[in-house]
Amino acid sequence: MFPGVVIIVPSYNVMSFLHLTNSLVGVMLVELVLTIPFSVWMLRGFFTEIPRELEEAAIIDGCSKMQALRHVLLPLALPGIIAVAVFAFIFSWNEYLFPLVLINDEAVKTLPLGVAGFMGHLYVEWGPLLAAAVVSTIPILILFIFLQRFLIKGIMSGAVKG
Amino acid sequence: MKSRTIRRISFVFGLLVVTTVVIAPFCWLLFCSLKPRTQLFTGLAIPSALTLANYVALFRHTEVVRFLCNSTEVAVVVTGVTVFTAVGRL
C-alpha cells in the first residue's frame with residue numbers, strides 16, 4: 001500500500017476529465033479503486049483455505065459450477081465476505097481526503113467533510129462538531145455490534161496464507 | 001501455581017489498560033458533546049448539567065442529515081460493489 005496522497009492529483013484529473021467532480025459517483029469510483037484490490041486479495045486467502053475437494057464433491061453430486069459456488073463455497077467463506085464488507089464500509093465511511101479534493105458543493109458533502117466544516121477560519125463550533133462526531137460513529141458502532149462474531153472468526157482464518 | 005496467578009493478573013491488567021486507552025477518547029467525545037457550550041473547556045470537571053443542546057443545534061441548523069445520507073449512499077454502494085466484484089473475481 002502507498003500513501004493515498006500520491007494519487008490525489010491523478011484521480012482529480014481523471015474525474016474532471018469524466019466530469020465527475022462534485023458528484024458522489026466520482027468519490028465512489030475513487031474509493032472502489034482503493035478497496036477492490038485489497039478485498040480481492042483478502043478474499044483469495046479465505047477461498048484458498050476451503051478444500052478443493054468440497055467443490056468437486058458438489059459438482060459430482062450434480063451441482064453446476066455456479067450452484068457449487070452458491071451453496072457450498074459462499075457459506076463457508078461467509079466470515080471472510082463479511083470481514084471484507086466491513087472493511088469496505090468503514091474505509092469509505094471514514095474517507096476524508098478524496099471527498100475533500102473532489103467535492104466543493106455543500107449538497108454532496110460527506111459526513112467527514114461536514115464535521116471538518118464546523119472548523120472555520122476564525123471560529124470553531126465545538127458543540128455541533130462534537131455532536132456530529134458522535135453521530136458519525138454511531139452507524140459504525142451498530143454495524144460492529146451486529147457483525148462482531150463473524151468478524152472475529154474472519155480475522156482468525158484469512159490472515160496467514162501465503 | 002503462584003507465578004501463574006501473577007501472570008494472569010498482569011495479563012488482565014494489561015488488557016484493561018489497553019481497553020481504557022482505546023475507549024477513553026470516545027468517552028471523552030461523548031461526554032464533551034453533552035456539555036453546555038460555556039463549560040466545554042473545563043476539563044474533567046463535572047458540568048452543572050448535561051444537555052442535548054448541541055444535538056438539537058446540529059440537527060436544526062446544519063445540513064448534517066444530508067451529509068449522513070451522502071455518506072451512507074457512498075459507503076453502501078462501495079461496500080456492495082466491492083463485495084460483488086471481489087467474489088466475482090475468484
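B:Thr62 is partly exposed, because 17 other C-beta atoms lie within 10 Å of its own, a count between the 12 or fewer of an exposed residue and the 20 or more of a buried one. The model to which this residue belongs is predicted. B:Thr62 sits in the loop that joins helix 2 (53-61) to helix 3 (64-89) of chain B. From B:Thr62 to B:Ala75 the separation is 13 residues in sequence and 21 Å in space, C-alpha to C-alpha.

Chain B contains 3 helices and 0 strands, and its pattern along the sequence is α-α-α. The radius of gyration of chain B is 22 Å, whereas a compact globule of 90 residues would have a value near 12 Å. The C-alpha trace of chain B spans about 60 × 60 × 15 Å along its principal axes. Buried residues account for 18% of the 90 residues in chain B. The domain assignment divides chain B into domain 1 (1-51) and domain 2 (52-90). Between the C-alpha centres of domain 1 and domain 2 of chain B the distance is 29 Å.

Helix 1 of chain B covers residues 2-33. With 32 residues, helix 1 of chain B reaches 46 Å from its first C-alpha to its last, close to the 46 Å expected at 1.5 Å a residue.

Chain A holds 8 helices and 0 strands, in the order α-α-α-α-α-α-α-α along the sequence. The radius of gyration of chain A is 20 Å, well over the 15 Å given by the globule rule for 162 residues, so chain A is more spread out than a compact globule. A box of roughly 70 × 40 × 30 Å, taken along the principal axes, is filled by the C-alpha atoms of chain A. Of the 162 residues in chain A, 32% are buried. When contacts in chain A between residues at least 6 apart in sequence are considered, 67% join residues at least 24 apart.

The contact between the chains takes 36 residues from chain A and 33 residues from chain B. On the side of chain A that touches chain B, the elements giving two or more residues are helix 2 (24-49), helix 5 (78-94), helix 7 (111-117) and helix 8 (126-158) of chain A. Helix 2 of chain A gives the most to this side, with 12 residues. By class, the side of chain A that touches chain B comprises 25 nonpolar, 7 polar and 4 charged residues.

Helix 2 of chain A has 26 residues, and its reach from first to last C-alpha is 37 Å, close to the 38 Å expected at 1.5 Å a residue. A bend of about 30 degrees occurs in helix 2 of chain A at A:Leu32. A:Ile82 has its place in helix 5 of chain A. A:Ile82 and A:Val14 are separated by 68 residues in sequence and by 31 Å in space, C-alpha to C-alpha.

Two residues with positive phi were also identified in chain A. Most residues other than glycine have a negative phi. A:His19 is not a glycine, yet its phi is positive, at about 55 degrees. A:His19 is placed in the loop between helix 1 (8-17) and helix 2 of chain A. With 9 other C-beta atoms within 10 Å, A:His19 is exposed. A:Asn22, likewise a residue other than glycine, has a positive phi near 60 degrees. The loop between helix 1 and helix 2 of chain A also contains A:Asn22. A:Asn22 is partly exposed, with 15 other C-beta atoms within 10 Å.

Technical notes
Residues numbered from 1 in each chain as written. Chains lettered and ligands numbered in written order. Predicted model: local features only at pLDDT ≥ 70, side-chain atom pairs only at ≥ 80, totals over all residues. Helix = DSSP H or I, 4+ residues; strand = E, 2+ residues; numbered from the N terminus. Rg over C-alpha atoms; globule rule 2.2 N^0.38 Å. Contact = placed C-beta atoms within 7 Å. Nonpolar A, V, L, I, M, F, W, Y, C, P; charged D, E, K, R; others polar. Expected span 1.5 Å × (residues − 1). Bend = angle between axes of the 7 residues up to and from the residue. Domains from an automatic or database assignment.
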